[in-house]
Amino acid sequence: MTVNFQYVGVDVSETLSQFTKEKLEKIFNRYEFLISAEVHFKQDEKDHDLGKICNIELSLPGPRIFATSNERNFEVSVRETISDLERQLKKRKEIYKTH
């Protein structure tokens, strides 16, 4: 499992990286066809209520899967993004079963 982190306009956080890696590990264990993940953390200065953006792109056979979410803090944003990815992965796994 390869996970690359990028912090855009945000201080690098080892705790946040570890939290995200643990959440992604569960997905990587469930879906063996995953190759790697690109994680981007951004801060939206214009949005004071939310503004903590997490983008995750998963590499796998076929088209890549991408999800993003904008929440009050990065932990919630990571959970929302991973939940969106899991929904997409379930659909993709159904396609693999039919072939």
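## Salt bridges

Aspartate 84 and arginine 87 join their side chains in a salt bridge at 3.3 Å, N to O; the term means a side-chain nitrogen of Lys or Arg within 4 Å of a carboxyl oxygen of Asp or Glu. The two residues are three apart in helix H2, so about one helical turn separates them. Helices (H or I, at least four residues) and strands (E, at least two) are DSSP runs, numbered from the N terminus. Aspartate 84 is partly exposed at 22% relative accessible area, while arginine 87 is exposed at 51%. Buried means under 20% relative accessible area, exposed over 50%, and partly exposed in between (1.4 Å probe, protein chains only).

The model is predicted, with local features needing pLDDT of at least 70 and side-chain atom pairs pLDDT 80 or more, while totals for chains, interfaces and linings use all residues. Residues are numbered from 1 along each chain as its sequence is written, and side-chain values use heavy atoms, without hydrogens and water.

The structure has three salt bridges.

Strands S3 (residues 52-59) and S4 (residues 65-71) pair in the antiparallel sense over seven bridges; pairing requires at least two bridges found by DSSP. Isoleucine 56 is opposite alanine 67 in S4. Five residues lie between the strands of this hairpin, where glycine 62 takes a positive phi near 90°.
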